[in-house]
Structures are given as C-alpha cells and as structure tokens.
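This report looks at charged side-chain pairs and at a pocket. Please keep the sequence and the 3D view open while reading.

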Amino acid sequence: MILRRVAALTAITFSLASCAFAGQEAQQSSSDTDETDPAPTLPAVSAFEVAEDEPALEAKRTAARFLEAAFNYEAEDGTPEAARERLEAAGVLHSTDRLDTSLLSPGTAAATQVIYPQLGGLTEDEASVMTVVEFTTLREQELSAWTRTIDVRLEQQERGWTVTEIASEGGAPPGTEATPSDAAARVLASDRIQLPDSSRWDILAGDIDDRTLEMMLSLSAEHTISVAVLSTGHPINVFGSDSVSNHINGRAVDIWAVDQVSVSDLRSLEEASPARTLMELALAEGATEVGGPWALSTSAGASFTDTVHQDHLHIGFKQ
C-alpha cells in the first residue's frame, strides 16, 4: 500500500452509517442456510497531514483541505451548493464559482482520501497541486473506486493561498483501449509500479511513449515506484511558460515515492537516498530531462532542481 501520512480525523472526518446484516443459520432438518450479504459502505477517510518540511506547505495544505471538504459527502449532499457550504464550514479559502464537476453527483455518496499532494507548478502567486486521491462512490448499493490525480489550482491572495479551480479531475477510462505494446503490458502488470487510475487510463489509451514505459520498468527493477502522473492531471504547459509539457505528449513520468517513502522525506538521506540513485539511473538509461531534489552532474548527463521538484522525480524525454 502507498504510504500515507495522515492525522487523526478532525471536523472533515467523513463516514456513513454502516448497516450490516448477518445471515442467521436456522436449525432445520434441511441443509438450507439463509444469509444476507452486508450492505456496502464507503471506506473511512482521514485528514491528510502535510509535513512541515514540504515545499509550498500552505498551498498543499489548502489543496488537500479543499478536496476533503468538497468531495466527502452523503447522498443528499452531492451538489455544488452543498459543497460550497462544506467549504465555508471548514474555513477553506476558495474563489471558485464553478463546482459543476463529475466529482459531485446528486443521489451519490462519496469518500475522498488524499494520498499525496505533489507540486505541478509554482510561481510567486500561483500554484498547481496535483493531488493523488482515492475517490470512492456509493450509489444504490453499488460501490465504485478510482485513484485519480486531480490538478488543483491556487492563487496567493490577500488572505493566503486560495483555490481558484480544478484544472483536471483526473480523466476517465478510455472509450476504446489501444492494443498495448509489450512495455505497456509489462508496466500495467508490474507490482513494483504503483499507478493511479488516471495514469493507467493514459496507458490503456495508448497515449504514453514506449520510452517512458521502458524507463519506468528500468527504474522499478529494484525499487517500488509510486507514480503521481503521466499525462492526465498534469498542467498542459510548463508552469509559468508557453512551452507544452512533455507529460502531455506522453514523454515524462512524475514519481512521488520510492519504496513507499515520499521523495520529499528521502531528501534528508542525501547520497544514500534511493531517489537520488534513481535519478542517476535515469540519466544512465538515456533520459534527457531529469529533475528532482538534487542537481547532479554525471558522465551520462545532468539533472536539474528547483522548489517544484523537491517532492518528486521528473523523468522524461525532450523529443
């Protein structure tokens, strides 16, 4: 399971009353047993705790609180109006007027567990927080669950970091699945590559360059890697520029954890960090765009670092 740093549930705690009905065995001469399956219930969720040493701490906290308040709800509360009331009650700073999102559905209950909020871009007054979440819905006794990467946009306003929009809801299963390449099939089957469904759908749609997939297989040969984003859920442009991100063309992957420990936490290990080892390996394997917590210079090339890349590894190909 992906490592989660969570706090005890506070006012955002969400749960639905559970009704479980156990069948009773009748002592009859016949062998018939009457059992009723337990009614499905949503999983319990906990408020995500953003560690004090995370980059863009307050932006991440605001993004996580926004998702938790807006998208944990009971069946009668899956409306934009009810979501706004929850956000106001939780004291979450937001200025988004549009909450007509598929993450809200009248007649449906939902549980949203934040797994990790990763930076997708940052300037002095704007931020993208690509947040990996487990999103579970319950409608008419039917449970559905996906792991999505949701791009939450924020602005630094007078009162602090404020959510302004949801730039991506994390996509949806492709209408038509492409015939997977060998690399795609191996990535999808790997137990060392933890993928959000948003990224799995990218692969199934045939949108990811085989070089990216082969790189993921190489990086996961001796370590478990947790992917935050391939294409869907990432800002279209490199943040603060007019350049289209290589993620959009399927030529890059962002990894937020190695061996179930966040890259942000692995920074303190310096040269002993497996995250640093994977950056060096990516350069040796031919990646032409490698970002992370360290600026490395090797015989195979160099990596870059900045505030945005303190919490993940960006591995890609420029062309």
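This is a predicted model: local features need pLDDT of at least 70, side-chain atom pairs count only at pLDDT 80 or more; totals for chains, interfaces and linings use all residues.

Helix α3 (residues 182-189) holds both Arg-186 and Asp-182, which are four residues apart, about one turn of the helix, and whose side chains form a salt bridge at 3.4 Å, N to O. Arg-186 is partly exposed at 40% relative accessibility, whereas Asp-182, with a relative accessible area of 52%, is exposed. Elsewhere, salt bridges with shared partners link Glu-52, Glu-58 and Arg-61 into one network.

## A buried pair

Among the ten salt bridges that the structure holds is one between the side chains of Lys-60 and Glu-54, at 2.7 Å from N to O. Lys-60 is buried, with a relative accessible area of 0%, and Glu-54, at 5% relative accessibility, also counts as buried.

## The largest pocket

The largest pocket has a volume of about 310 Å³, and its lining is made up of 19 residues, with Gly-120, His-234, Val-238, Phe-239 and His-309 lying nearest the centre. By type, the lining residues comprise seven nonpolar, nine polar and three charged, and strand β1 (residues 109-122) gives the most to this lining, contributing four residues.

Definitions and conventions:
Residues are numbered from 1 along each chain as its sequence is written. Side-chain values use heavy atoms; hydrogens and water are left out. On a 1 Å grid over the protein atoms alone, a cavity is a set of points where a 1.4 Å probe fits but cannot get out, and a pocket is an open set with protein on both sides within 12 Å along at least five of seven lines; lining residues have an atom within 4 Å of a point. Grid points are joined across faces, edges and corners, and a volume is the space filled by probe spheres set on the points. Helices (H or I, at least four residues) and strands (E, at least two) are DSSP runs, numbered from the N terminus. Ala, Val, Leu, Ile, Met, Phe, Trp, Tyr, Cys and Pro count as nonpolar, Asp, Glu, Lys and Arg as charged, and the others, Gly among them, as polar. A salt bridge is a side-chain nitrogen of Lys or Arg within 4 Å of a carboxyl oxygen of Asp or Glu. Buried means under 20% relative accessible area, exposed over 50%, partly exposed in between (1.4 Å probe, protein chains only).
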